[in-house]
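Hello,

Here is the structure we talked about handing over. Please open it beside this message and follow along; my notes come after it.

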There are 2 protein chains.
Amino acid sequence: MMKKSKHPSLSEVAKRAGVGTTTVSRVINGGHRVDPKTLARVLDVIETLGYMPSQAARTLKGDRSGTIGLIVPSIVDPFFSSCAEVVQSIARANDSLLIVATTQNDPHAEVDDLNVLIRHRVDGLIIAPANSQSKQLTDILRRAAVPVVAIDRPLIHLPIPSVVADNFNGAYSATRHLIDHHYKRIVCLTGETTLYSIRERIHGYRKAVESAGLACILDTSIKDYESAKYAIESLFARADPPDAIFTLKNSTTIYAFEALEQLNIPVPDCVALLGYDDFELAATVRPSITVVQQPIEEIGRIAAELLFEQLLSVHRFSWPTGSARPQQVKLATRLIRRRSCGCPQAEAKAERSQQAGQRGSGRVLRSMQER
Amino acid sequence: MMKKSKHPSLSEVAKRAGVGTTTVSRVINGGHRVDPKTLARVLDVIETLGYMPSQAARTLKGDRSGTIGLIVPSIVDPFFSSCAEVVQSIARANDSLLIVATTQNDPHAEVDDLNVLIRHRVDGLIIAPANSQSKQLTDILRRAAVPVVAIDRPLIHLPIPSVVADNFNGAYSATRHLIDHHYKRIVCLTGETTLYSIRERIHGYRKAVESAGLACILDTSIKDYESAKYAIESLFARADPPDAIFTLKNSTTIYAFEALEQLNIPVPDCVALLGYDDFELAATVRPSITVVQQPIEEIGRIAAELLFEQLLSVHRFSWPTGSARPQQVKLATRLIRRRSCGCPQAEAKAERSQQAGQRGSGRVLRSMQER
DNA sequence: CTGTTAGCGCTTTCAC
DNA sequence: GTGAAAGCGCTAACAG
């Protein structure tokens, strides 16, 4: 004979304990104002039955669902998995579960994910929008009236807070660094030019080279190792090969590094390499790679904190105090100087402690507020 | 005047459309057996109101919650984030959301997470248990009667399916490979010896060295770069330094690699290095690192498929057909020969295509079934 | 084809 | 301290 149903319900507990449902409810919510003897008995029944309150019922009753959603392009991408980890831990600290949905930067998938999450009545949402100006996305968000924080890429057309890195200045000062090294032909390699972050970086690069009177050599065709190798090969086949390469994305940096090695083009002697976004082995490969480091965990942490701030205030007041809320947080990046740009070798030991020490040191650059 | 409530309900839609709730319900569930004109009207109202059915209500009503849980040590760990990504995509294909919870291998956190997920009535669960033989964990799982699949580490004391890599043979043949290179003093470096996977690898290593009549030199103290460096330093300060190092974990491999470089111990000339678990730049660093590659995505994919198989069959029958279900899937690993073990350099181009080609080629070694 | 109705499991007045 | 009862939003019998 098998027990058909799945989970015991509160009323079953009440029955078995010989009390009313109210009492059981009180017990599982802290056990205040319950007679110690009753309390003990109810707890005992709960234990025996293995009772677990149904979040579905609670949610239906009007409570929060106890979940927040995270919509990102990918979860294998170290940038977003780091964010996810931080967000998850903050969610846990706020008694919430994290639902992760990935979009591969496909606006269609993004809208789908968003709708599903709304059906699930997530209490809040953190999203790295594939398209910063998607009308459809903002429409849904506006209607759902669910607290949202955008990360990595702001969401325009809508007064919602966002936490992003200062892509423009990160790229600008990186390029400046190359210029200071007296490189004259600095090429910029990238792909995914539809993304806000990449665009900002391109602007930073362009601003730097142009104001230095240098040529803006931009190749936006990099999609994989093959295209990177092809691009580099072509560049070096020309009469005026570049003397520095600035890659705007983690994977592009790696592709370029491998291609240069494959093509026997010495770095930094023949060409310098500087990448946007740090990665685990950037200091270990030879030559070590100079990069623009983003305060990834800070982004996740601040976004999550901003979100739960909203959640709590929404709980208290029906609408947040008149104070300006939608903050646009922009975090400073750091240039990590290693060998590939031509800088003298940093002592590895030093870099290690340096890396450890700067954890979570991303500073808030600007924190404008406006409705 | 601000609208107080949040989401419109089905009955509001019904009222506005001048129909009964059943009709609306039918509409949002495919719109079958509904008069086209009524259908259109209802859809219109839904559109206007921005109505989104409440999953909470559906779940309460007895439907599946449309969520599955994933409990892993960490989400930044490439191994688990890869699993997560695959699982998420399969979940989506089955109209389910993925809730991710991380434990940092802390059994306490694990139990907490599990309980919360059960409260949320996840339809199924994929878990990489911190402790394969946790009584508490198995008790909860048994009672909750929620479909579960274990990954990376099996869950004993309970007849649930698991999908793991063949750690023993992976480590065994890796060690054999070093032995075939005529190394005589093969040291094994690791930490986290409480984990099933690590233990299996140690067994594989031990079996190989012992049956070859070599010494078993095991250092289980590696926790970070410092400890790795210290261990290696100590080993080489001895009269009989090792001529090969076998690291059992991704991070350990990297620490060892960096420490060797730091200590100016040439690889593979002075000492060979072989690591368990492949990583992105293993082929790019110099020397490139020979590793045991695990079929990570396969693990995630098979686990998710196994899980949804259970979910579907549970739906049909109240209990799965008498056939043996709890499969213990063990997937073969591959030894990727690169330079650090002393093998001649593989042509990089070849490795690239090789890597691409072998994606998802993890073969099922054994697939035993037993109640 | 369509409406009425009875709960799903829980919280929450409001009485006792 | 405690219980009875009214829903939260939805689905699924049952009637029509």
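**Contacts with the DNA**

A polar atom in the side chain of Lys61(A) is 3.3 Å from a base oxygen of DNA strand C. Please keep in mind that this is a predicted model.

In chain A, Thr22(A) has a polar side-chain atom 3.2 Å from a base oxygen of DNA strand C. In chain B, an N or O atom in the side chain of Thr21(B) is 3.4 Å from a base oxygen of DNA strand C.

How many residues surround DNA strand C? There are 25, and the closest are Leu10(A), Tyr51(A), Arg58(A), Thr22(B) and Thr38(B). Sorted by class, this surface has 11 polar, 8 nonpolar and 6 charged residues.

Of the contributors, α2(B) gives the most, with 4 residues.

**How α2(B) sits against α3(B)**

The helix α2(B) also packs against a neighbour in its own chain. Its axis and that of helix α3 (residues 36-49) of chain B come within 10 Å and cross at roughly 80°. Angles from 65 to 115 degrees count as roughly perpendicular, so α2(B) and α3(B) are roughly perpendicular to each other. From α2(B), the contact is made by Thr23(B), Val24(B), Val27(B) and Ile28(B). From α3(B), Thr38(B), Leu39(B), Val42(B), Leu43(B) and Ile46(B) take part. By class, this contact has 7 nonpolar residues, 2 polar ones and no charged ones. Note that Thr38(B) is on this list and is also one of the closest residues to DNA strand C.

**One residue in α4 of chain A**

Ala56(A) is found in helix α4 of chain A. Is Ala56(A) buried or exposed? Its relative accessible area is 10%, and buried means under 20%, so Ala56(A) is buried. Leaving aside residues up to four places away in sequence, Ala56(A) touches Ala56(B), Thr59(B) and Leu60(B). Along the chain, Ala56(A) and His120(A) are 64 residues apart, while their C-alpha atoms are separated by 9.8 Å.

Regards

Definitions and conventions: Residues numbered from 1 in each chain as written. Chains lettered and ligands numbered in written order. Predicted model: local features only at pLDDT ≥ 70, side-chain atom pairs only at ≥ 80, totals over all residues. Heavy atoms only, no water. Near = heavy atom within 4 Å. Polar contact = N/O pair within 3.5 Å; in protein donor to acceptor, adjacent residues only side chain to side chain. Helix = DSSP H or I, 4+ residues; strand = E, 2+ residues; numbered from the N terminus. Nonpolar A, V, L, I, M, F, W, Y, C, P; charged D, E, K, R; others polar. Axes fitted to C-alpha atoms, helices over the stretch in contact; angles between N-to-C directions. Parallel < 35°, antiparallel > 145°, perpendicular 65-115°, else oblique. Contact = heavy atoms within 4.5 Å. Buried < 20%, exposed > 50% of the residue type's maximum accessible area, 1.4 Å probe, protein only.
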